[in-house]
Amino acid sequence: MRLGAALAGLAVLGSLIAAPTPAHAYCCLTVKYAVVDTDNCARLEGTLPVTRVTGGCMLYDSADDTFFETDAGGKAVKIEMYDSSGMVAKVEFHPNGEKLWVYDTRNDGDTVYVYLDYANGATYGPFSAKGTDDVIDHEVFDFDWTEGNWYGVDVNDSASVYDSIAYARGVA
């Protein structure tokens, strides 16, 4: 009986050790976003405040702020992610020039991964900021898309497209 109980105990211990870890490295993120009409700086969706300034639209944040240039017909996207200690990442899609900006704003060994859906049915990515010893890392990715087509920004916690944190849609 003692051997059977010991084997049962080892089996339970083994199952605890082999149990998968959660997919999200960031627990309990708060997501703030805005979809912005770059003709007139109107916020079309989301809660981030948008300020009209000369030449475009300003969205302030704790990393380095965001400026969307005026682009007739363009719909820009900005997504910020926070945990209880502050901002961990932000993602911006600028329709003027079709540029994706991906930021890692916390030097914690983790980052976000972004996929872009495009009107032609294609999915591009994953895109991420390369981690360095800098407090804020960012990468800019340039696309040559046709004006007036929709795009989707899908932010993920891993390189898997099945680990989505946030999604927003704009117009290039």
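Q: What sits over the ring of Tyr82?
A: That would be the charged end of Lys32, 4.8 Å from the ring centre. Keep in mind that this is a predicted model.

Q: What makes 4.8 Å from the centre of the Tyr82 ring count for Lys32?
A: The distance part of the rule asks for NZ of Lys or CZ of Arg within 6 Å of the ring centre, and Lys32 has 4.8 Å. There is an angle part too, within 35 degrees of the ring normal.

Q: Why is the pair Asp61 and Lys90 called a salt bridge?
A: The closest N and O atoms of Asp61 and Lys90 are 2.6 Å apart, and the cut-off is within 4 Å, so the pair qualifies. Asp61 lies in the loop between strands E4 and E5 while Lys90 belongs to strand E7, so the bridge ties together parts that are 29 residues apart in sequence. Asp61 and Lys90 are both buried, by the way.

Q: How do you know that Lys130 and Glu139 form a salt bridge?
A: Their closest N and O atoms are 3.9 Å apart, and the rule says within 4 Å, so this pair counts. Lys130 itself has 58% relative accessibility. Exposed means over 50%, so Lys130 is exposed.

Q: Which residues does the salt-bridge network link?
A: Asp61, Asp64, Lys78, Glu80, Lys90 and Glu92 are in it. Within that group, Lys78 and Glu80 meet at 3.1 Å, N to O, and both are buried. The whole structure has nine salt bridges.

Q: What makes the aromatic pair of Tyr118 and Trp145 stacked?
A: The angle between the planes is 25°, and planes under 30 degrees apart count as stacked, so that settles the label. The centres are 4.2 Å apart, and rings pair within 6.5 Å. This pair links distant parts of the chain, with Tyr118 in strand E9 and Trp145 in the loop between strands E11 and E12, 27 residues apart.

Q: Why is the pair of Trp145 and Tyr151 called tilted?
A: The planes of Trp145 and Tyr151 are at 40°. Under 30 degrees would be stacked and over 60 edge-to-face, so 40° falls to the remaining label, tilted. The centres are 6.4 Å apart, and the limit is 6.5 Å.

Q: How do you know whether Trp145 and Tyr151 are buried or exposed?
A: Buried means under 20% relative accessible area. Trp145 has 9%, so it counts as buried. Tyr151 has 0%, so Tyr151 is buried as well.

Q: What makes Cys41 and Cys57 a disulfide?
A: Their sulfur atoms are 2.2 Å apart, and the cut-off is within 2.5 Å, so the pair counts. The search of the whole structure finds one disulfide. Cys41 sits in the loop between strands E1 and E2 and Cys57 in strand E4, 16 residues apart.

Q: Why is the disulfide of Cys41 and Cys57 described with a handedness, and which one?
A: The torsion about the S-S bond is about -90°, so the disulfide is left-handed. Cys41 is buried at 9% relative accessible area, and Cys57 is buried at 0%.

Note on methods
Residues are numbered from 1 along each chain as its sequence is written. This is a predicted model: local features need pLDDT of at least 70, side-chain atom pairs count only at pLDDT 80 or more; totals for chains, interfaces and linings use all residues. Side-chain values use heavy atoms; hydrogens and water are left out. A salt bridge is a side-chain nitrogen of Lys or Arg within 4 Å of a carboxyl oxygen of Asp or Glu. Helices (H or I, at least four residues) and strands (E, at least two) are DSSP runs, numbered from the N terminus. Buried means under 20% relative accessible area, exposed over 50%, partly exposed in between (1.4 Å probe, protein chains only). Rings of Phe, Tyr and Trp (its six-membered ring) pair if their centres lie within 6.5 Å; planes under 30 degrees apart count as stacked, over 60 as edge-to-face and the rest as tilted.
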